[in-house]
Amino acid sequence: MKSKRTFVKSKRSFRRRFPPIESGDRIDYRNMSLISRFISEQGKILSRRVNKLTLKQQRLITIAIKQARILSLLPFLNNEKAKLTTRPAGVRTRFDRTRFKRAKSTPRTTGLRNRKK
């Protein structure tokens with residue numbers, strides 16, 4: 001005879017996550033310390049899934065970031081990386097050579113059909 005085993009739920013310790021925005025924080029375009037936490041290194045607005053915000057909070061953060069950009073409190077793009085990766089003039093890569101190739105000429109057939117004889 002088989003002995004009946006009761007299902008025992010494992011008791012893992014659940015760590016409550018620290019909310020990114022406290023109840024006392026005011027989401028405003030002037031609160032730069034708060035806004036800068038939700039922007040990537042490139043200056044892009046991070047997604048809600050990454051930020052772990054509610055939908056309402058994400059909307060308010062997005063509006064605040066856009067207002068701060070318009071008032072030039074924040075840059076639209078962070079160009080520090082772009083300056084480091086620029087290559088010297090005159091140096092061409094494989095992409096540059098293929099980009100400037102001439103297109104093959106094709107015979108014109110569309111105009112011949114509609115021409116009167």
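How many salt bridges does the count come to by this rule? The count comes to two, where a salt bridge is a side-chain nitrogen of Lys or Arg within 4 Å of a carboxyl oxygen of Asp or Glu. The points below take up the pairs and their surroundings.

1. Basis. This is a predicted model, in which local features need pLDDT of at least 70, side-chain atom pairs count only at pLDDT 80 or more, and totals for chains, interfaces and linings use all residues. Residues are numbered from 1 along each chain as its sequence is written, and side-chain values use heavy atoms, with hydrogens and water left out.

2. Confidence. The chain has a mean pLDDT (the predictor's confidence in each residue, from 0 to 100) of 77, and 57% of its residues reach 70 or more. Helix α4 (residues 80–84) has the lowest confidence in the chain, at a mean of 54, while α3 has the highest, at 95. Helices here are DSSP runs (H or I, at least four residues), numbered from the N terminus.

3. Arg37 and Asp25. These side chains form a salt bridge at 3.8 Å, N to O. The pair links distant parts of the chain, 12 residues apart: Arg37 is in the loop between α1 (32–35) and α2 (48–51), and Asp25 is in the segment before α1. Arg37 is partly exposed at 43% relative accessibility, as is Asp25 at 28%; the classes are buried under 20% relative accessible area, exposed over 50% and partly exposed in between (1.4 Å probe, protein chains only).

4. Asp28 and Arg30. In this salt bridge the closest N and O atoms are 2.8 Å apart. Asp28 is buried, with a relative accessible area of 17%, whereas Arg30 is exposed at 58%.

5. Nonpolar core. The largest core has 11 residues, including Ile21, Phe38, Leu53, Ile61 and Leu74. A nonpolar core is a set of buried Ala, Val, Leu, Ile, Met, Phe, Trp, Tyr and Cys residues joined through side-chain atoms within 4.5 Å. Two or more residues come from each of α1 and α3, and α3 gives the most, with four. Leaving aside neighbours within four places in sequence, Ile21 is in contact (heavy atoms within 4.5 Å) with Ile27, Leu34, Phe38, Leu53, Gln57 and Ile61.

6. Gln58. This residue lies in helix α3 (residues 55–70). Gln58 is buried, with a relative accessible area of 11%. Not counting residues up to four places away in sequence, Gln58 touches Ile45, Leu46, Ser47, Arg48, Asn51 and Leu53.
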